[in-house]
Amino acid sequence: MLISRLERLGLGILTQSCPPELVDRVVGDEGRKEKRRRLLSARFSVYFVLAMCLFPQADYLEVLRLVKAGESTLRPWTGVNKSSLTRARQRLGWTVMRELFRAVARPLGAGPELFCGMRVLALDGTLLAVPDSAGNLEAFGKSGSQRSPMGYPQARVVAVAECSTHAVLDAVIGGFKDSERIVSDELEAHIGPGSLVLADRGLWGLARWHRLRDQGAHLLWRIERRKARRVEDVLPDGSYLARIEANKHSKAAGTVKAPPVRVRVIEYRVDGQADVVRLITSLLDHEQYPAAELAALYARRWEIELVFDEIKTHQRGRPVLRSQTPDGVRQEIYAHLIVHHATRDLLNEAARLHQSVAERTSFTRALNVVRRTVIAPGGFSPLRPQA
């Protein structure tokens, strides 16, 4: 049957990260399994969307040709065109790609890449430009006023990434005008015992602090200077313990005030700059966690900016995503995250073999390796068992 031939299409190394049994399970869990045999099955649609993100400059049919090149025994087919591929993406939906990403995403660092036995994570957000369709504009919004909007609509992506390996562990998608603080409340995966979360002052929230601490995570966040001014005790390393309480002048109606929290405050200046950097942390023991070490560690929060650059500049390869609908945009973003995680997984394995640092090796080279495994004759097939 032609359906079995199409399902032979593989994505090289990506087929190992997303094996067919995992794809079929996620498709079934999300209720997207076909009730009848289709030429473009749900499994095929998943692999096609991943290939679409792997080759962002190619159109739909060219993506199909590139993927087909990896399976030399696959004979030509008819009846597959841009419209049928678009409908296949619509039938698949976006939640399949989200759940597949969450099933694939896992921490990659170990041993010396940990800080005092804790996995160092960074929490931050970025914006991705999407096509200027009516649906995208309504769902995501754009900059400027309602009367004079500017530029493309933009989707806001808030993610948590592992600093040592650049692996994205979880992400949520909102609109341009959605606050990063509100969007980040949905991030839960991999933030728990054994993790240390770094975040900037834009994500501060007392209730959020309590929620993450209740999940067992330790926190190291930058904060505004007017916060944590109630000094309780000065410690030998220059840091001090302080108390933070909910803003009693908050105008939010019907909200329950978060209880106060005791934090440790670390203040320092970066060479050549007049501004004082203020950090607060849940690590209260100054002997086990010296202030100087935590200040140096906080600089690693910028690793997540490099993660966003890898996805937006090197992997995406185009200034605007290609999907014209909000569901398509969400589907495409999670597919990009799956491709990025698989590439970083490859880099991490290569770094371990060569005893180097994964975060300092070339992401672009690894991405090109992934692409070559897709188009190379005799590539990985989702129906062929892997060694």
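How many nonpolar, polar and charged residues are in the lining of the second largest pocket? By class, there are two nonpolar, nine polar and six charged ones. Here Asp, Glu, Lys and Arg count as charged, Ala, Val, Leu, Ile, Met, Phe, Trp, Tyr, Cys and Pro as nonpolar, and the others, Gly among them, as polar.

A quick word on the source: this is a predicted model, where local features need pLDDT of at least 70, side-chain atom pairs count only at pLDDT 80 or more, and totals for chains, interfaces and linings use all residues. Residues are numbered from 1 along each chain as its sequence is written, and side-chain values use heavy atoms, with hydrogens and water left out.

| Pair | Centre to centre | Between planes |
|---|---|---|
| Phe48 and Tyr60 | 5.4 Å | 90° |
| Trp209 and Trp221 | 5.8 Å | 85° |

Phe48 sits in helix H4 (residues 42-54) and Tyr60 in helix H5 (residues 60-68), so their pair ties together parts 12 residues apart in sequence. Helices here are DSSP runs (H or I, at least four residues) and strands are too (E, at least two), numbered from the N terminus. Both Phe48 and Tyr60 are buried, meaning under 20% relative accessible area with a 1.4 Å probe and protein chains only. Trp209 and Trp221 are buried as well. Phe44, Phe48 and Tyr60 make up one aromatic cluster.

Definitions and conventions:
Rings of Phe, Tyr and Trp (its six-membered ring) pair if their centres lie within 6.5 Å; planes under 30 degrees apart count as stacked, over 60 as edge-to-face and the rest as tilted. Buried means under 20% relative accessible area, exposed over 50%, partly exposed in between (1.4 Å probe, protein chains only).
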